[in-house]
Amino acid sequence: MSNLNKIIEEIEEVEQSANGQIDQQILNLDQLEHWRIIFLGRNGEISKLMKYLSSVSDENKRIIGPKINNLKKSLSNKYNLTQKKIDQRNNAVTEFDFTLPGRPVNLGNYHPTTLIIREICTAFSEMGFQIIEGQEIETEKYNFDLLNIPNDHPARDQWDTIWLQTENTNVKHLLRTHTSPMQARVMEKSNPPLRVIIPGKCYRYEATDATHEWQFHQIEGLAIDKNISFSELKGTLFEMARKLFGTDQKVRFRCDFFPFVEPGVDMSIEWNGKWIEILGAGMVHPKVLEGVGYNPKEYSGFAFGLGPERISMLKNKIFDIRNFHLNDLRFLNQFTI
Amino acid sequence: MKLPLNWLKEYVSYNISPEEIAENLTIIGLEVESVSKIGMISGVIVGEIQKISKHPNADTLQIAFVFDGNNKYKIICGAPNIRVGQKIFFATPGTKLPDENSPEKYYLIKESKIRGELSQGMICSEKELGLGENQDGIMVLPKDFKLGSPISKYYGEIVMELDITPNRVDCLSITGIARDLSARIDKEFKFKYINNHSSSKSYKNNIQILDENICSRYTGVIIDNISISESPDWLKRRLISIGERPINNLVDITNYVMFEIGQPLHAFDLDKINEEKIFVRNSKKGEEIKTLDGNKRILDSHSIVIADNESAIGLAGIMGGKNSEIDIKTNSIFLESANFNPSVIRNTSKLLSLQTEASIRFERNLNPELTIYGLSRALDLILRICGGKIRTGILDNYNNKFVRKIITLDKRRLCKILGLEIDNEIISKTLNSLNFSYELDKLKDIWKVETPFWRSDITLPEDLYEEIARIVGYDSIPLKFISGEIPKWEPNKLFEYKNTLTDLLVGSGMYETISYSAISEEMLGILPDYVNNSKNISIINPISNEHAYLRKSLIPSVIMTASRNTNNWKKPIRIFETGNVFFQSEQKIQEQSYSAGLLTGFSENSHWDITPREVDYFDGKGIIDYLSSKLRFNYALSPYNDNIYTKGKSVRIHDKKNKTTFGYLGMISNEMIEKLNFNTSSVVIFELFLEELYKSSKDLIYKEFSQFPLAHRDLSLLIDTNVNFEDIKNIAFSEKFVTDCNVFDVYQGDNLPEGKIAIAVRIFYQSNEGTLSWKNLQQIEKKILIQFEKKLGIKIRE
């Protein structure tokens with residue numbers, strides 16, 4: 001017992017002595033080195049203390065071991081700090097170039113399409129819309145028939161289609177030309193009230209140029225309930241435009257035609273003194289509701305679809321839509337959000 | 001559809017600006033895409049050619065002396081058709097003549113010398129004036145044009161280009177647009193459908209519909225003794241303003257009526273029709289017809305032709321036949337105004353890639369009621385302009401009469417759907433203004449609405465809601481938030497998982513890319529083997545050969561993206577893409593979410609305190625380790641061979657029990673790097689199967705951390721080269737209190753026995769119940785070392 005106390009006493013003495021010396025007597029690096037040898041050197045005080053460890057019981061070892069280790073750590077820190085202090089004192093005018101580049105952190109970027117999709121989805125999410133995704137390979141039934149787009153009708157010309165060769169020849173498969181097929185799929189699966197938003201890729205048989213792409217994204221929205229009105233369609237879309245483009249954004253609603261909505265509407269925003277159409281929408285057509293087994297006398301709703309790339313082009317002043325699929329790092333590296 | 005405003009003005013007297021007309025039309029669904037001015041080039045005036053002399057220095061040029069009523073001009077001209085006495089339009093010096101190819105550019109006409117002779121202007125062709133396509137010679141004007149008058153006096157016109165939606169065939173006519181506009185701006189619509197000609201049955205046997213399904217109505221009339229000549233100037237100007245080339249008076253009248261009221265008409269030269277017999281029938285397979293454009297068309301059995309006893313004389317609803325064309329000698333004509341099956345017309349037009357003003361209208365489902373009004377209107381004009389005499393009367397073959405629909409319009413529902421209170425008077429007025437007739441039940445606020453024949457697109461109450469809303473104006477409907485029940489909410493976990501993965505990869509310094517979902521046949525060659533046991537899905541009508549197959553893996557996409565970038569991007573390339581892949585297995589179409597990543601070039605940008613090194617396998621593995629800890633999935637690796645990878649440096653990533661594959665990771669083989677034109681020498685790729693990974697990722701569960709000290713002990717081990725660190729780690733972890741096991745040095749060198757590697761590992765120990773004693777640690781370490789030796793033949797390095 002007395003042995004243990006003695007060792008502890010000695011540890012405390014070393015601590016006091018080392019701290020006392022370094023705080024009051026050390027003025028230059030030579031003195032500091034001398035101090036280091038005395039306390040932290042190979043045969044220094046700390047090493048001497050360490051030697052006690054082999055001579056005490058395990059129980060005592062557990063008490064003094066951490067004490068010695070802590071002291072060693074504390075003195076080492078003190079040494080480093082004092083060294084820096086002396087260095088600074090010696091060099092009143094520092095030669096340290098604080099403008100040299102910092103050690104790099106690798107920078108990653110989101111694709112601008114992802115950024116705008118997230119922004120738009122968040123706007124709708126805040127209004128209670130749930131985000132879901134859908135399949136990109138579709139059938140005529142969902143891409144056209146259930147959306148009241150009859151075969152052999154010029155209305156289909158709005159959706160030039162890419163057809164797929166599959167082993168199953170009973171059903172014609174295609175790459176969805178819009179995200180609207182998900183309207184029918186969602187309604188078939190769930191009962192109202194519904195409020196969903198569906199981002200995803202779409203494809204059209206279309207020649208590409210600065211404003212047209214055969215592959216692009218769409219964001220589909222659908223809200224169904226017992227009393228949904230055109231007025232709420234307008235309010236919802238206006239709120240989205242405000243969140244995306246700012247509180248003062250002017251919008252215009254005009255009559256437009258899409259076979260799966262009635263009345264149909266498109267929304268334009270005022271942009272550099274011009275009206276730019278950014279989305280098509282309307283009240284879900286009674287035939288679409290009937291097609292999925294909803295009673296159009298009981299339920300109504302609205303649907304809309306918008307093109308995120310086009311909105312990104314407006315917001316970011318991108319003039320060629322093909323940039324979105326070229327993946328040139330000189331393009332992608334600018335979207336540093 | 002072009003809309004010349006002077007023409008529009010015949011049917012609606014408006015007193016608003018062209019901008020306001022455009023805005024109103026756009027608002028009600030008739031979108032004005034552009035507005036252009038034609039015939040308004042200042043400086044172009046009427047002149048008369050008084051004398052022509054040869055150019056002394058050029059065979060193909062002449063010198064015209066032109067008089068404008070006050071001044072004389074000497075103008076060099078190359079047109080072959082100039083004659084003395086002609087009235088012409090010419091551009092005086094200073095005129096800015098628009099460039100036909102790019103409207104914002106122009107040519108400045110100056111006094112200048114052409115081959116040594118002074119030229120004081122330019123005599124213009126139709127095309128140069130923007131009045132038509134003709135550029136074979138100068139445009140010759142009627143004699144009564146006044147010398148010195150500006151072109152705008154005769155041809156000045158504002159023309160709007162409208163995008164008419166496919167439901168509104170009635171608005172493929174000036175009167176149809178005028179009707180909508182007058183309803184919107186509350187002005188009188190000055191047009192009525194009229195038929196004031198008597199009918200006749202005397203030709204019933206000569207004119208027959210052989211299949212009622214292809215033609216619901218065939219109306220026609222024979223006119224004798226007509227004279228074909230140039231159209232009067234007003235008619236020519238109308239056609240020019242709508243972009244049509246005047247041909248002759250008869251053809252011009254049929255075109256004029258089509259644009260005026262929307263009914264396509266066709267005139268046959270009766271003398272060219274065998275026995276004056278006309279049949280509307282299905283085409284025969286292989287049947288040939290030379291259409292008016294001079295092309296020979298070979299038909300299948302699914303088109304409609306107009307034929308005489310012998311052969312087809314017209315491709316019904318699309319284009320007339322050359323063999324019955326009107327010409328200068330035509331004396332008797334058969335004028336047709338018919339209604340053909342829309343889908344047959346559409347399919348033929350698509351099959352032959354022949355879209356005409358007529359076919360556009362027929363395929364949009366014109367109403368058969370319209371034929372008689374089109375015919376009657378044309379007849380009036382023909383008798384007035386071409387002369388001639390109706391042989392007997394109008395023959396009308398009309399089988400299935402159109403029945404008007406009655407739609408019930410309930411005000412309560414209208415207001416509920418629109419979210420707008422509307423007065424009865426406004427509803428009635430709007431219906432009136434669009435020529436809908438109705439009976440109003442004032443007690444119930446219900447209108448029984450009869451739709452006019454030209455609006456076959458209106459079939460449901462909802463269609464009427466739109467009519468009322470668009471005329472009243474969508475802007476008068478208030479903005480509201482959605483009210484009502486809170487919708488169900490089922491979070492889309494996989495979607496969120498993919499978002500998190502994207503966040504993590506971006507956070508780890510990678511660039512997100514999005515490529516095309518279809519790849520070329522050549523790119524199929526760089527598909528990894530692990531997707532090659534499923535079948536490709538090919539595209540029947542690819543945009544190009546570059547995009548002929550749906551991708552089964554994202555590897556070709558990231559490889560191509562990276563390879564393209566290696567030439568222009570001199571910094572480290574770290575990219576990834578998340579997207580769907582598509583394939584067939586067991587007759588089923590599969591669509592799955594994958595994510596692929598690629599690292600190439602150097603690990604870091606060049607930096608004053610860091611030595612960059614080329615990326616290698618462990619940069620890729622680092623990302624997998626990072627994802628594993630952030631997304632909370634455990635994984636193990638097995639060797640994997642594939643010819644796109646470097647042998648021995650590619651692995652399959654799977655769950656610990658080796659039941660589910662999560663993906664693959666490896667270095668691309670040097671042969672591939674060379675073949676794919678990488679401007680780098682080391683490429684790491686990985687691909688993860690997100691559905692599987694998601695299912696194996698655990699929920700986040702917090703565990704109370706230990707309050708007791710964490711101890712560690714280092715071991716220097718001598719291992720066989722075929723021993724994996726993973727096995728060492730597993731043995732360590734099988735002991736209680738072991739919390740971590742790291743490697744801090746790997747050494748392979750001369751002073752080691754053959755086939756051995758020295759590794760230094762640090763094992764961490766901690767207990768939740770108390771501080772571990774030295775003895776405890778030694779005991780645990782001893783056990784671990786026994787297992788090392790027993791299972792892996794590992795010895796402590798002395």
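F90(B) touches V44(B), I45(B), G47(B), V66(B), I75(B), G121(B), M122(B), I123(B) and C124(B), leaving out residues up to four places away in sequence. The model is predicted. F90(B) belongs to the largest nonpolar core, which has 184 residues. Together with A281(A) and C124(B), F90(B) touches the most other members of that core. A second core is separate and has 68 residues. Among its members are L332(A), I519(B), Y549(B) and V683(B).

Next comes the contact between the chains. On chain B, 82 residues are in contact with 74 residues of chain A. Helix α12 of chain B, residues 461-472, gives the largest share of the chain B side, six residues. By residue type, that side of chain B holds 35 nonpolar, 28 polar and 19 charged residues. Strands also pair across the two chains. Q165(A) has S538(B), in β31(B), as its bridge partner.

Chain A has twelve helices and ten strands. Its radius of gyration is 36 Å, whereas the globule rule gives 20 Å for 337 residues. Chain A is therefore more spread out than a compact globule. Along the principal axes, the C-alpha atoms of chain A fill a box of roughly 100 × 50 × 45 Å. Of the 337 residues in chain A, 41% are buried. Consider the contacts in chain A with a separation of 6 or more: residues 24 or more positions apart account for 65% of them.

Two prolines in chain A follow cis peptide bonds. One such bond runs from P192(A) to P193(A), with omega near 0 degrees. P193(A) sits in the loop between α7 (181-189) and β5 (194-203) of chain A. The other joins E262(A) and P263(A), where omega is about -5 degrees. P263(A) lies in a strand, β8, which covers residues 261-271 of chain A.

Chain B is assigned six domains, and the assignment reads as follows. Domain 1 has two segments, 2-38 and 159-185. Domain 2 covers 44-155, and domain 3 covers 207-398. Domain 4 spans 406-476, domain 5 spans 493-696 and domain 6 spans 711-796. The centres of domain 1 and domain 4 of chain B, taken over C-alpha atoms, are separated by 22 Å. Eleven residues of domain 1 of chain B are in contact with ten residues of domain 4 of chain B. On the domain 1 side, helix α4 of chain B (residues 174-185) contributes the largest share, five residues. That side of domain 1 divides into three nonpolar, four polar and four charged residues.

S337(B) is in strand β23, residues 333-340 of chain B. Is S337(B) buried or exposed? S337(B) has 28 C-beta neighbours inside 10 Å, so it counts as buried, the cut-off being 20 or more. Beyond neighbours within four places in sequence, S337(B) is in contact with T219(B), G220(B), Q263(B), L265(B), T371(B), G374(B) and L375(B). I247(B) is 90 residues from S337(B) along the chain, and their C-alpha atoms are separated by 20 Å.

Two loop residues show positive phi without being glycine. For E275(B), phi is about 55 degrees, and the residue is not a glycine. E275(B) lies in the loop between β16 (266-269) and β17 (278-282) of chain B. E275(B) is exposed because 9 other C-beta atoms lie within 10 Å, and the exposed class takes 12 or fewer. N435(B) is the other case, with phi near 65 degrees. The loop between α11 (424-433) and β27 (437-441) of chain B holds N435(B). N435(B) has 15 C-beta neighbours inside 10 Å, so it counts as partly exposed.

How values were computed: Residues are numbered from 1 along each chain as its sequence is written. Chains are lettered from A and ligands numbered from 1 in the order in which they are written. This is a predicted model: local features need pLDDT of at least 70, side-chain atom pairs count only at pLDDT 80 or more; totals for chains, interfaces and linings use all residues. Two residues are in contact if their C-beta atoms, placed from the backbone, lie within 7 Å. Helices (H or I, at least four residues) and strands (E, at least two) are DSSP runs, numbered from the N terminus. Ala, Val, Leu, Ile, Met, Phe, Trp, Tyr, Cys and Pro count as nonpolar, Asp, Glu, Lys and Arg as charged, and the others, Gly among them, as polar. Two strands pair if DSSP finds at least two bridges between them. The radius of gyration is taken over C-alpha atoms; the globule rule is 2.2 Å times the number of residues to the power 0.38. Domain bounds come from an automatic or database domain assignment. A nonpolar core is a set of buried Ala, Val, Leu, Ile, Met, Phe, Trp, Tyr and Cys residues joined through C-beta atoms within 7 Å.
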